[in-house]
Amino acid sequence: MRADVLVTRGRQELASPSALYTYAVPDALAGAIAAGQLVAVPFGDRTVPGIVWALDASDDLGDAAASSVAAIRPIGRILLAEPLILSHHRALAEWLADHYAAPLATAARLMLPPGLLAGLRTVVRPAGGPSPDNAAGDAREMESAPLPGDGEIVLAMARERSTLTLNEIERTLGTTRARTATRDLIARGQIVTAVELPPSQAGARRDRIVRLIAVPDALDAWRTATRARLDTLPPARLKRPSWQRAGKDERQAERLLRQLAALDALAQPPRGQPGGADLPAWRFEELGRLTRVTPAALDELAAAGLIVIEEVKVRRDPLAGQPAIARSEPLPLTPAQAAARDAILDAADTPSARPLLLHGITGSGKTEVYLQALAAIIACGRRGLVLVPEIALTPQAVARFAGRFPGRVALLHSGLTPAERLDEWRRIRAGAVDVVVGSRSALFAPLDRLGLIVVDEEHETAYKEEQRAPTYHARDTAVALGRLAGAAVVLGSATPSVESYHYATHGAYTLIELSERAPAHALAAVPAAVPATDHAPDVSARAVPTDHTPGLTGSESPMPPALPAVTLIDLRAELRAGNTSILSEPLRIALQQTLDRGEQAILFLNRRGTASCVVCRECGYVARCRRCDVSMTFHAPERALLCHYCGKREPAPATCPVCRSASIRYFGIGTERVEAAVKRQFPQARVLRWDRDTARTRHVHEQLLRAFSERRADILVGTQIIAKGLDLPAVTLVGVVSADVALFLPDFRASERAFQLLTQVAGRAGRGALAGRVLVQTFNPEHFCVQAAAAHDYHTFYEAEASARGRFGYPPFRRFVKYTFAHADRYTAQIEATVLAERLERLIRVHDLPETDLVGPAPAFMERLRGVYRWQLILRSPDPRPILGTLASADLSRGWSVDVDPASTL
């Protein structure tokens with residue numbers, strides 16, 4: 001039997017371009033080996049980890065083939081018996097490698113458990129005989145030769161320690177000397193190396209816990225005897241100078257006092273554990289920190305039969321410490337929702353079904369369709385995967401799905417700690433969950449029996465990986481995974497990407513449309529006012545007046561809310577009227593009315609900070625980042641200038657560094673400035689700001705969302721984060737402070753992004769029982785995408801955008817490949833880009849591709865970023881695979897990155 005093994009050369013990455021090597025399977029492993037397992041294989045003079053990619057048990061070989069097989073080196077051993085990569089994920093890795101022109105090994109890396117490769121270690125042990133790869137005579141001769149000094153050191157370390165890792169040798173001798181010494185000792189047959197997984201990686205984490213098991217009478221008797229014994233000892237001083245050592249009797253008194261304290265603590269549940277448990281359990285380390293009791297003292301209590309010390313499996317729960325999620329029940333579906341659910345279930349029953357594009361306006365009840373389709377899929381013994389684009393959306397998504405499927409939902413996204421992600425991965429692999437919710441990386445969760453994949457807000461660019469190969473798009477990869485696993489794929493959005501809607505209208509996808517909002521069931525879901533706390537004023541007096549809340553009885557069917565009315569405010573007219581404030585007069589009046597009614601409002605601005613540009617009015621100096629071709633943003637709270645691309649921070653200048661003038665001015669507006677303006681205009685309002693500066697971790701995202709949904713704030717000021725799928729039924733007013741921020745960027749998707757953003761943020765208004773309204777401030781009210789967003793008219797926008805892209809050969813009519821070269825020297829970057837352009841032009845002629853062309857070479861939109869210059873080329877072709885196959889990434893010099901199907905050409 002032979003095996004193709006994906007060799008993992010290095011602990012952090014799978015780096016080999018081809019990566020597949022053939023090994024023989026020893027007879028001892030033939031019955032246990034399986035595709036997808038992690039194994040140790042010889043590779044050169046080392047032992048390295050690898051993944052069994054395929055097995056070949058055929059015996060029908062010719063003489064030449066048989067002799068070559070006899071020379072194949074055997075697999076060393078199986079590191080993990082359970083396959084790490086499922087069969088459909090191995091096929092998906094091959095698709096990723098082909099579609100995105102990436103090495104198979106880097107694609108397979110996406111499917112591995114988090115932190116697995118980082119945990120692998122190479123151990124060194126003494127050996128009794130020569131290496132099997134050496135002839136016996138050569139080995140005897142080498143063994144009799146004197147050892148070099150480094151070899152003696154390594155051999156002594158190996159004999160002294162039970163487990164010696166290669167990293168420890170390298171730390172002692174340095175990398176070069178350590179590798180030379182170990183290579184020499186392996187050749188002499190005096191040491192052997194092996195790849196191992198530490199226990200924390202090989203299995204679930206185990207923790208020691210302590211329980212009180214003594215009956216009350218025995219416990220009282222022990223305490224009485226201990227106190228009597230304490231009376232015969234000198235008083236214990238639990239605190240003393242570090243230089244002073246306690247005597248024997250005093251140390252014994254200290255131990256007894258800490259044992260008594262430990263028993264008292266064990267009688268109470270630890271913090272965070274509900275009371276009333278018969279046997280409260282304490283973590284070994286937590287009890288030691290609280291009472292300072294030593295492990296030896298606890299062992300004495302266990303020997304006396306008072307306590308028991310156990311090892312238990314521990315799961316790092318990413319939802320630990322969060323409020324309990326209430327269970328939810330299915331809601332009545334409208335006929336359109338029911339038809340959408342049935343279409344999804346029909347696709348799940350048809351292995352070759354096309355992906356479905358669920359185009360539903362904001363508030364049309366797409367999530368309820370997903371939930372009920374998932375329930376039916378799970379009832380059939382299959383499992384589901386739900387992708388959301390941002391960490392900010394994850395808490396709300398988890399609450400919805402965990403409330404419908406309690407205890408059967410796993411969470412995966414980049415905001416989790418590596419330990420949390422690994423524990424969730426293990427739960428999924430063990431089949432302990434039915435639904436996985438997460439960001440794009442959740443696409444590679446080890447789900448077998450996959451029945452449904454949902455990509456919510458499929459238009460979001462957050463689904464695109466742009467930093468590392470393979471530069472996959474989660475939407476397109478989900479479609480490929482559904483085809484390989486036989487699962488239905490649903491792409492949902494109120495503003496589908498132009499590519500997806502084009503495929504749906506041309507037969508590649510099945511189009512489902514929800515053109516009306518779902519009934520206002522959310523009325524009952526609006527969180528009640530929370531009690532006053534030190535951080536949240538009492539809002540119970542601000543309940544929504546009854547004259548704005550239609551009465552509903554349990555038998556009535558609520559009417560679906562209408563889409564919010566959108567009003568365009570021409571900022572040019574505001575300036576002519578003398579209003580230079582951030583808030584136009586109509587928006588100021590609307591905010592006041594909203595506050596008077598006790599409702600909530602959102603103010604959206606697609607920019608952080610206080611001012612986006614710091615300029616000297618005397619000489620024209622602009623404060624720019626020294627490492628990036630971008631102006632620095634002024635942040636008032638810190639009185640600092642910050643680059644939002646590389647993170648460089650500088651103090652705000654009081655005078656111009658060029659002409660020494662004091663005429664420094666701050667232009668442009670950011671969320672900090674909007675927040676300050678709102679607080680000045682409405683001092684009684686409680687204002688919350690939500691952007692990348694205020695929410696740097698997932699926990700802060702969760703806290704901000706909870707605070708606003710629980711009505712602990714009246715006005716939410718935020719950036720793109722607040723425009724993406726949040727359901728806040730108490731919001732009746734949305735104000736777009738400036739619709740022009742990204743309208744004219746030199747990118748073919750600029751109009752599409754502007755339309756999607758405006759439509760999505762407008763959809764946050766009026767999702768409950770109360771009507772909503774949207775006010776959009778703009779200097780370009782006549783722009784077609786602003787007009788289409790104001791009318792909630794996706795179809796008109798699509799027709800205009802698709803027509804323009806067809807004329808200019810933009811996606812989906814042609815695919816793009818962006819080649820970017822980065823270097824510290826500008827002219828080197830320019831020369832490299834020019835050389836590659838000439839090479840690509842030759843390949844286009846060789847392959848006779850008349851519809852393929854190049855744009856560039858040219859500097860990137862921001863030529864210098866994080867201290868390096870960037871030049872780029874864009875290959876445009878109906879099918880770039882012939883060029884990608886010929887010009888693999890391995891053929892490019894260091895400094896090149898290849899982005900297939902880029903989300904942006906900037």
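## Basis of the model

The structure is a predicted model, in which local features need pLDDT of at least 70 and side-chain atom pairs count only at pLDDT 80 or more, while totals for chains, interfaces and linings use all residues. Residues are numbered from 1 along each chain as its sequence is written, and side-chain values use heavy atoms, with hydrogens and water left out.

## The chain as a whole

The protein chain comes to 29 helices and 33 strands, where helices (H or I, at least four residues) and strands (E, at least two) are DSSP runs numbered from the N terminus. Of its 906 residues, 50% count as buried, a term that stands for under 20% relative accessible area, with exposed meaning over 50% and partly exposed in between (1.4 Å probe, protein chains only). Among the contacts in the chain with a separation of 6 or more, 76% are between residues 24 or more positions apart, contact meaning heavy atoms within 4.5 Å.

Strand β30 (residues 815-823) has seven of its nine residues buried, so it is largely enclosed by the rest of the structure.

## A five-stranded open sheet

Five strands form an open sheet in the order β2-β1-β4-β3-β5, with antiparallel pairing. β2 (20-24) and β5 (77-80) stand at the edges with a single partner strand each, so one side of each is left without a neighbour in the sheet. Neighbouring strands are turned against each other by 50 degrees on average, direction ignored. Within this sheet, strand β1 (residues 2-7) is joined to strand β4 (residues 46-56) by six bridges in an antiparallel arrangement, and Asp 4 stands opposite Ala 54 in β4.

## Nonpolar cores

The largest nonpolar core has 116 residues, and those with the most contacts inside it are Leu 84, Leu 96, Leu 385, Val 436, Ile 453, Tyr 819 and Leu 840; such a core is a set of buried Ala, Val, Leu, Ile, Met, Phe, Trp, Tyr and Cys residues joined through side-chain atoms within 4.5 Å. Helix α28 (residues 826-846) gives the most to this core, with seven residues. Leaving aside residues up to four places away in sequence, Leu 385 touches Val 436, Ala 442, Leu 443, Leu 447, Leu 450, Leu 452, Ile 453 and Val 454. A second, separate core of 31 residues includes Ile 344, Val 369, Val 409 and Val 490.

Helix α25 (residues 750-762) packs with helix α27 (residues 794-808) at an angle of about 170 degrees, their axes 11 Å apart. The axes are lines fitted to C-alpha atoms, for helices over the stretch in contact, and angles run from 0 to 180 degrees between N-to-C directions. α25 and α27 are therefore roughly antiparallel to each other, the cut-off for that description being over 145 degrees. Ser 751, Glu 752 and Phe 755 in α25 meet Tyr 794, Phe 797, Glu 801 and Arg 805 in α27.

Ala 399 lies in helix α17 (residues 394-404) and is partly exposed, with a relative accessible area of 33%. Its C-alpha atom is separated by 8.1 Å from that of Ala 326, 73 residues apart along the chain.

Methods. Parallel < 35°, antiparallel > 145°, perpendicular 65-115°, else oblique. Pairing = 2+ DSSP bridges.
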